[in-house]
Amino acid sequence: MTDLKLAQSFALIALNAQSSLYLTNAKKVSLRCMAAAVILEANLEGCFTQAENKLTFHKEVLEQSHSTLYREKVLQPLLHNHTEVIGDLNWWLKKASNLSKKKLKKFEIAISDYLKSINMLEEIPSLLGSDMYFDSAGVEMRAYRSNLETYSRITENIRAEILEEGSVTDEIICMLWLLRESGCMHDFFSRNELEKVNTRMNELYQSNLLAKALFPIQIHHGIELGIKQLLEMKTKFMKTYTGSSINFFFPFLERSQAVFIETEAWFDNSNKRLNSVLTRLRSYGHEVKVIEGGSIATLKIDNMLYDAMPHFVIMRVPIQGVRLVPKHPV
């Protein structure tokens, strides 16, 4: 995939466009899954010893492997003062994903600092902060932005291995499970493609030992699960239990907020209106590319796609602008 390890690659997906200042529900779900990714990463690298279905982690491995700080932030709390800890894969993943908010925050700082140090992640003004209501209120909002080229390479590689014929690596099997558990599937696969993802997951479950052990495990819960069940009442296109929680929508919904960008003048020309918005977004530090022009343009802002729809709101006077509506899959 890249030179990055599993947890690092998944963190670039999970943190992209997330608030860097606040622990939103969507980011909390992402951090839980990122902590689980650390366990999977260590397992793929042979840091555990396995006997039957039990995985044993020895403290000396953490001390001798020159592990990165973010890995220690997940594994040290699970070790406590023990020299070794034993559990099956389900136990390890659930323990890691259930770290306290305080420990998750320390983990977020450790892994984001590491990714920043290798120029894979940065903090920029949040796009939501450009919305007229947030901007005029002076609310500071910042967000993570993953390296654009690396982000595209990671996501395109996942799509290629899942949607095209051929073997699937253990790393992609882990990525698929992490996307499912973090509610990110809808960011990268269309509704029709999700049917194929579901079929592919079922095939992997039948033929691959790692998939057979991993896919039945679920680490999302609480309010997210409640919303998932509500949405499953409306749509049931996932027919196997390995893909059943692909309908886990909550983080997807929270990341799908539209943004209203007002223009400084009232334009009767759509190109002039769009150019005004592009200038405004670039002045805030966003990287913007016009994918498709027209009265409703498609823009790539940082790593996300948006439809730019002409819109106006009525205040004391009508205010013209553009409403940016997230477009999925990216």
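Is Glu 287 buried, partly exposed or exposed? Glu 287 counts as partly exposed, because its relative accessibility is 42%; buried means under 20% relative accessible area, exposed over 50%, and partly exposed in between, with a 1.4 Å probe and protein chains only. Before going further, please note that this is a predicted model, in which local features need pLDDT of at least 70 and side-chain atom pairs count only at pLDDT 80 or more, while totals for chains, interfaces and linings use all residues. Residues are numbered from 1 along each chain as its sequence is written, and side-chain values use heavy atoms, leaving out hydrogens and water.

Let us stay with Glu 287 and look at its partner. Glu 287 meets Arg 145 in a salt bridge (3.9 Å, N to O); the term stands for a side-chain nitrogen of Lys or Arg within 4 Å of a carboxyl oxygen of Asp or Glu. This pair links distant parts of the chain, 142 residues apart: Glu 287 sits in the loop between α15 (270-283) and β7 (288-292), and Arg 145 in strand β5 (residues 142-146). Helices (H or I, at least four residues) and strands (E, at least two) are DSSP runs, numbered from the N terminus.

The whole structure holds 14 salt bridges. Another of them joins Lys 5 to Glu 45, with the closest N and O atoms 2.9 Å apart. Here the two residues are 40 apart, Lys 5 lying in the segment before α1 (6-15) and Glu 45 in the loop between α2 (25-44) and β1 (49-51). Salt bridges also link Lys 5, Glu 41, Glu 45 and Arg 71 into a network. Arg 180 and Glu 181 form a salt bridge too (2.9 Å, N to O), and both of these residues are buried.

Now for the aromatic rings. Rings of Phe, Tyr and Trp (its six-membered ring) pair if their centres lie within 6.5 Å; planes under 30 degrees apart count as stacked, over 60 as edge-to-face and the rest as tilted. The count comes to six aromatic pairs. In one, Phe 57 and Trp 92 have ring centres 6.4 Å apart and planes at 65°, so the pair is edge-to-face. Phe 57 belongs to strand β2 (residues 54-58) and Trp 92 to helix α5 (residues 89-97), so the pair ties together parts that are 35 residues apart in sequence. Ring pairs gather Phe 48, Phe 57, Trp 91 and Trp 92 into a cluster.
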